[in-house]
Amino acid sequence: MATLELKGITKRFPGVLANDQVDLKVSSGEILGLLGENGAGKTTLMNILYGLYNADEGEIIIDGEVKTFNGPGDAIAAGIGMVHQHFMLVPVFSVTENVVLGVEPTKGAGGFLDIAKAKQDVRQISKEYGLEVDPDAIIEDIPVGIQQRVEIIKVLFRHAEFLIFDEPTAVLTPQEVEEFFGILNGLKDSGKAIIFITHKLKEVLEVCDRIAVLRRGAMVGEATPEATNEEGLAEMMVGRPVELVVDKAKSTPGDPVLEVTDLIVLDDRDHPAVEGISFTVHAGEIVGVAGVQGNGQTELVESLTGLRSVASGSVMIRGTDVTHATPRQIHEHSVAHVPEDRQRSGLVMPFTITENIVLDGYYDEPYSAGIKMDWKAARKKAEELVEQYDVRTPGTEIPASSLSGGNQQKVIVAREFGRDVKLVIASQPTRGIDVGSIEYIHERIVEERDEGSALLIVSTELDEVMALSDRILVMFDGRIVAEYEGGTVTAAEIGLSMAGAS
Amino acid sequence: MTAATAAPGTPEVLIRTPAEIRRSRYLGFTYLFLAALVLLLFYRWSVDLGNFTFKLARPTDPSAPDLTLSAGRTTLIVGAVLAVLGGIQLSRGFGKATNIVLGVGLTLFIFAFLAWATAQSSLGQFSFVGMMNQTIVRSAPITLGALAGVMSERVAVINIAIEGQLLAGAFVAVVVASPLTQTDQALILGAPLGNWIGVGAAILTGMLLAWVLAVLAIRYVVDQIIVGVVITIFVGGMTAFLALRWLADNPQLNQAPIFKAIEIPLLTKIPFFGPVLFKHNIFVLGSFVFVALLTILLFRTRWGLRARAVGEHPAAADTLGVNVYRTRYLNVILGGAIAGFGGAFFTLGSVGRFDENMTNGRGFIGLAAMIFGRWHPIGAMAAGLVFGFADAMAQTLGILQTGVPSEFLGMAPFIATILVVAGLVGKARPPAADGQPYIKQ
């Protein structure tokens, strides 16, 4: 029986203690959940274990023997396999090529690839562990769920005994998650030791044998699924009791605010990404758009906010046709936009908080008069909003890049909600931020609704859509394939629609 | 993704994206435009001209009959065929054969053009075999430059220093070979030993320049475009200076024998194809060998798989224990070796002496050939041949005296190339990480 042990692992980055004396142990036939918020040090710890970083202190012990890893090659040789959060697959290669890359079977002198043998090996592993996959398929043509199987086969092909999964469910539909758990249990039964890294409480409770919780780089405790529940784990993760359920009254929809009719939008390669969808969002209602990433949500939001041109169809905001309006014109219709990628399109990272706060209104009163900016007014506004929206920062004159993800997101929400708004279009409003900030942003969203705004929330986190929405639209392959009343539908039902079943 | 999940048994529905429809239409109108050109101009001009003759053998070549046809009838038939192709393309398209049909169509168009040009000439004939032989000769340095680019960009390092590598190779080859070949020596594969040493020196020079590029681009993460431009400008200035200040006073250092065409048993005896394809010096034959070799290496070996992985997704390769930096250094430097070899062609394979800026942009054309060839060695050669043909045809038209200034006729093939590449070839996809330095976390 194989055991892997980490003892007293410490890793410092400039100004940050990423791992602080972390101990961890996992053995064959066991699934260990490693739970922690983004930035708690999970990924750093695993990168140390995989030889990508060197620890400043501490040791890695495998079967009683102390190991030093100078690169992933050493870790692989020691039986460690990692399925990265962002898949490490070459998109234009076949499944087989990806699996064998780095340890290719060859024939004869000169290193000629033995693709026939490689395919045979892939089929063999695929059969042995029930990971069905076509060895000849090209990675970019297959769905994410299958790509994940390829990653697992890759690890098994290298005879890994210890399998690390870094946020493996982030990209999967609920059905794919169930399937993935089946695979995980299969691996466990065949004697593999598994470390499952996640921030999703439900998932660790469902599949893990033991759960270790990291907070701010330190191990704060261990639990078993039998002896704890979501609230308990959340409290360990965050360090204080957390409200997991969004508390909201029934909605009272008013007049239509956003009316979308037969909208068609093309993606960057001129293929239709949104294929003729129609819906309406009313004042005082939250409409959630669920769906697996890449089914047209990004293009939908971009077209509604004027960032992408509309191929055909129409968009009306409060009775005005804004189909071909510019982002600024749309903004001036009292529309707030929380973009999908806060670092790329939500904030200018090197700009200060103040500068980011006035990005949407710098050109007008009260921040500018003629060609001169009134920084005093800008700072005053920024200070107000930082206070009001609970942005944790030493001041308003520091660059946005120095804030944590959660606080960056709060700056965006503050800017967008901090004026008179009639329509909110928010994409992934809480992606990759801490539970405390999620709780806060959800409260603000509900508050906006109760003040009579119309809200369109696009999220790939099904739990989030279900918790917030009064109405749920499901997008699949550029179309709205289902519509549900909030609170009357189960995750499984929505999950089926997300996978395109009707 | 949707196409892959189509249920088996259901007839395959031809899904055409807007881009494909646009391309199809563009193609159709191109055929019609070419047909109109042929019928309204070439046919009208040649209808009273009588016959034209393409010579398929020169006096020294294995004998082959001449090709003699009526210019009027030829242009009429070609025009009609192009019009039909255009009609079919617009109505239902050619599906998978689209590109092959396009190649045939363009070839026919050029054939009609040459038919008229020959028929109107006072000569009434020209050496087709000579033109095709020149096509191959002139494509060789372009292909070699393109292969150097393929080697480098497949591992995601952009090498626009190819022009400089060619020029440096040309210079060093002749300067090394000249003093070593002052006495009579036995010929080895078409040239004395001194020439071979010159080629070796050119290869080393190409590798040295590639190493400089690699160190600056990989270790010091300098912008690859800037490094490439700087190297090219440096080599251009340096060789011009040395040619003027040093070689001008020492002409014996700038005078080497050239590599002669090699007689390959049997192959060079084939009528027409022998002289066109095989009766060449080692640079031209070497370009064939490199194309085959690189194709096998890149797509059939472990080394190639790793190199391509480094170019597409270096982080993935790294996590699997592939040394990204070493792979990049190796490929860039090997690419430099090929460029250095190609550079020697300009002096030792052609005129036997160095002239200022004698590569004349061939390295950049090689880069274009690499892109049109979609980063594939065979594609690179095909593109190199197109450029070589353009070159050779311009030369032929000069001889035929078409009445149109030869500079304009020389442009025609390039314009055709631009039209083809801009609208018809479709978007080529470079290696995903091309030009991006890899920085380990």
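Two salt bridges cross the interface of domain 1 and domain 2 of chain A. Between domain 1 and domain 2 of chain B, the count is zero. Four salt bridges cross the interface of chain B and chain A. The model is predicted, and every value here is computed from it.

**Domains of chain A**

- The domain assignment gives domain 1 of chain A as 3-238. Domain 2 of chain A comes in two segments, 243-334 and 420-502.
- The C-alpha centres of these two domains of chain A lie 34 Å apart.
- In the contact, 15 residues of domain 1 of chain A meet 15 residues of domain 2 of chain A.
- About 1000 Å² is buried between domain 1 and domain 2 of chain A. Carbon and sulfur atoms carry 63% of that area.
- A:Lys202 and A:Asp463 form a salt bridge. Their closest N and O atoms are 3.5 Å apart.

**Domains of chain B**

- Chain B is assigned domain 1 (14-120) and domain 2 (130-421).
- The C-alpha centres of the two domains of chain B are 32 Å apart. Domain 1 of chain B puts 16 residues into the contact, and domain 2 of chain B puts in 19 residues.
- These two domains of chain B bury about 1300 Å² between them. Of this, 72% is on carbon and sulfur atoms.

**Interface of chain B and chain A**

- Here 26 residues of chain B contact 36 residues of chain A.
- The buried area between chain B and chain A is about 2500 Å². Carbon and sulfur atoms give 65% of it.
- On the chain B side, B:Leu305, B:Thr319 and B:Leu320 lose the most area to chain A. Together they make up 26% of what that side buries.
- B:Arg429 and A:Glu140 join their side chains in a salt bridge, 2.9 Å from N to O.

**Aromatic pairs**

- Over all chains, the structure holds 29 aromatic pairs.
- One of them is A:Phe165 with A:Phe180, an edge-to-face pair. The ring centres are 5.4 Å apart, with 70 degrees between the planes.
- This pair links distant parts of the chain: A:Phe165 is in strand 9 (residues 162-166) of chain A, and A:Phe180 is in helix 6 (residues 174-189) of chain A. The two residues are 15 residues apart. A:Phe165 and A:Phe180 are buried.
- The rings of B:Phe54 and B:Phe111 have planes at 80 degrees and centres 5.5 Å apart, so this pair is edge-to-face.
- B:Phe54 sits in strand 1 (residues 51-55) of chain B and B:Phe111 in helix 3 (residues 98-120) of chain B, so the pair ties together parts 57 residues apart in sequence.
- B:Phe54 counts as buried because its relative accessibility is 1%, under the 20% cut-off. B:Phe111 counts as partly exposed because its relative accessibility is 23%, between the cut-offs of 20% and 50%.
- One aromatic cluster takes in B:Phe52, B:Phe54, B:Phe111, B:Phe126, B:Phe128, B:Phe272 and B:Phe273.

**Charges over rings**

- The charged end of A:Arg444 sits over the ring of A:Tyr389, 4.2 Å from the ring centre.
- The charged end of A:Lys410 sits over the ring of A:Tyr440, 5.3 Å from the ring centre.

**Helix 1 of chain A**

- Helix 1 of chain A covers residues 42-49. Seven of its eight residues are buried, so helix 1 is largely enclosed by the rest of the structure.
- The buried residues of helix 1 are A:Lys42, A:Thr44, A:Leu45, A:Met46, A:Asn47, A:Ile48 and A:Leu49.
- Just after helix 1 of chain A, A:Gly51 takes a positive phi of about 80 degrees.

- A:Val421 lies in the loop between helix 14 (405-417) and strand 21 (423-427) of chain A.
- A:Val421 is buried, with a relative accessible area of 6%.
- Leaving out residues up to four places away in sequence, A:Val421 touches A:Ser334, A:Ala336, A:Glu416, A:Glu448 and A:Ser453.
- A:Asp141 is 280 residues from A:Val421 in sequence. In space, the two are 42 Å apart, C-alpha to C-alpha.

Note on methods
Residues are numbered from 1 along each chain as its sequence is written. Chains are lettered from A and ligands numbered from 1 in the order in which they are written. Side-chain values use heavy atoms; hydrogens and water are left out. Buried means under 20% relative accessible area, exposed over 50%, partly exposed in between (1.4 Å probe, protein chains only). Helices (H or I, at least four residues) and strands (E, at least two) are DSSP runs, numbered from the N terminus. Rings of Phe, Tyr and Trp (its six-membered ring) pair if their centres lie within 6.5 Å; planes under 30 degrees apart count as stacked, over 60 as edge-to-face and the rest as tilted. A charge sits over a ring if NZ of Lys or CZ of Arg is within 6 Å of the ring centre and within 35 degrees of the ring normal. Domain bounds come from an automatic or database domain assignment. Contact means heavy atoms within 4.5 Å. Buried area is the accessible area (1.4 Å probe) that two parts lose on being put together, summed over both.
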